[in-house]
Amino acid sequence: MKIVVVSDSHGNDWDLLAIRERHLQEADLFIHCGDSELLDDDVAMQGYLSVGGNCDYRSHAPLKRVESLAHDVTLLMTHGHTYGVKYSLQKLYYQALEVGANLVCYGHSHYVGAEMIEGTLFMNPGSLSFPRNTREKTYAIITVSDRAFEVAYLEGGTGETLIRQTFKR
């Protein structure tokens, strides 16, 4: 299973459309972790399962979603601003425990990063518009198998792979 994860696009509809087109044949799920700043029915958001962020004033998307996926994956997706992710993952970790998530995708900080905490992968795809810990505007693809999560970070405009990480499940 392949999951394309974007966040913090802040009105960048061009890259959302290009990413969806680029990965349409290989991806099983497209998710947006908030701060698109687009209307829910905007053509650029079609095909993305989304949550609302702190800059999504006109969105009716929920602040979090919990989804059951293939390979016994329970996905928790949120923007992260209501969990204080810029300072710590502790509140988000407790929410993951509460809902039984083993994959958590979030945004808000604009920082690329992934870490496994007690059997749960926490992953932030960075930002498609205003990256903070890299020069590149990024998104991610998570490849899920029964044995591992493989996270590939890609450059938003070109789709070039920048980093790959594998986390055993």
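Here are some questions and answers about this predicted model.

Reader: How many helices and strands does the chain have, and in what order do the elements run?
Author: Happy to start there: the chain has two helices and eleven strands. Read from the N terminus on, the elements run β-α-β-β-β-β-α-β-β-β-β-β-β.

Reader: What radius of gyration does the chain have, and what does the globule rule give for 169 residues?
Author: The C-alpha atoms fill a box of roughly 35 × 30 × 30 Å along the principal axes. For 169 residues the globule rule gives 15 Å, and the chain comes close to that, so it is as compact as a globular protein of that length. Its radius of gyration is 14 Å.

Reader: In the open sheet of five strands, which are the edge strands?
Author: The strand order is 4-5-6-8-7, with mixed pairing. An edge strand pairs on one side only, and that holds for strand 4 (64-69) and strand 7 (112-117). Neighbouring strands of the sheet are turned by 15° against each other on average, direction ignored. The edge strands, then, are strand 4 and strand 7.

Reader: In what sense do strand 4 and strand 5 pair, and which residue is the bridge partner of E67?
Author: Strand 4 and strand 5 (residues 73-78) are joined by six bridges in the antiparallel sense. Within strand 5, the residue bridged to E67 is L75.

Reader: Which helix packs on the sheet, and what angle does its direction make with that of strand 5?
Author: Helix 2 (residues 90-99) is the one to look for. Its contacts on the sheet are with strand 4, strand 5, strand 6 (103-105), strand 7 and strand 8 (120-125). Its direction and that of strand 5 make an angle of about 140°.

Reader: Is G107 buried or exposed, and which residues does it touch?
Author: You will find G107 in the loop between strand 6 and strand 7. Its relative accessible area is 0%, so G107 is buried. Not counting residues up to four places away in sequence, G107 touches S7, D8, C33, T78, H79, V85 and N124.

Reader: Why does H23 count as buried, and with which side chains does its side chain make polar contacts?
Author: H23 lies in helix 1 (residues 13-23), and it counts as buried because its relative accessibility is 5%. Beyond four places in sequence, H23 is in contact with V4, F30, Y139, I141 and L154. Its side chain makes a polar contact of 2.8 Å with the side chain of E26, and another, of 2.6 Å, with the side chain of Y139.

Reader: D8 and H71 have positive phi values; what are they, and is each residue buried or partly exposed?
Author: Most residues other than glycine have a negative phi. D8, in the loop between strand 1 (2-6) and helix 1, has a phi near 50°, while H71, in the loop between strand 4 and strand 5, has a phi of about 65°. With 0% relative accessibility, D8 is buried. With 29%, H71 is partly exposed.

Note on methods: Residues numbered from 1 in each chain as written. Predicted model: local features only at pLDDT ≥ 70, side-chain atom pairs only at ≥ 80, totals over all residues. Heavy atoms only, no water. Pairing = 2+ DSSP bridges. Helix = DSSP H or I, 4+ residues; strand = E, 2+ residues; numbered from the N terminus. Axes fitted to C-alpha atoms, helices over the stretch in contact; angles between N-to-C directions. Contact = heavy atoms within 4.5 Å. Buried < 20%, exposed > 50% of the residue type's maximum accessible area, 1.4 Å probe, protein only. Rg over C-alpha atoms; globule rule 2.2 N^0.38 Å. Polar contact = N/O pair within 3.5 Å; in protein donor to acceptor, adjacent residues only side chain to side chain.
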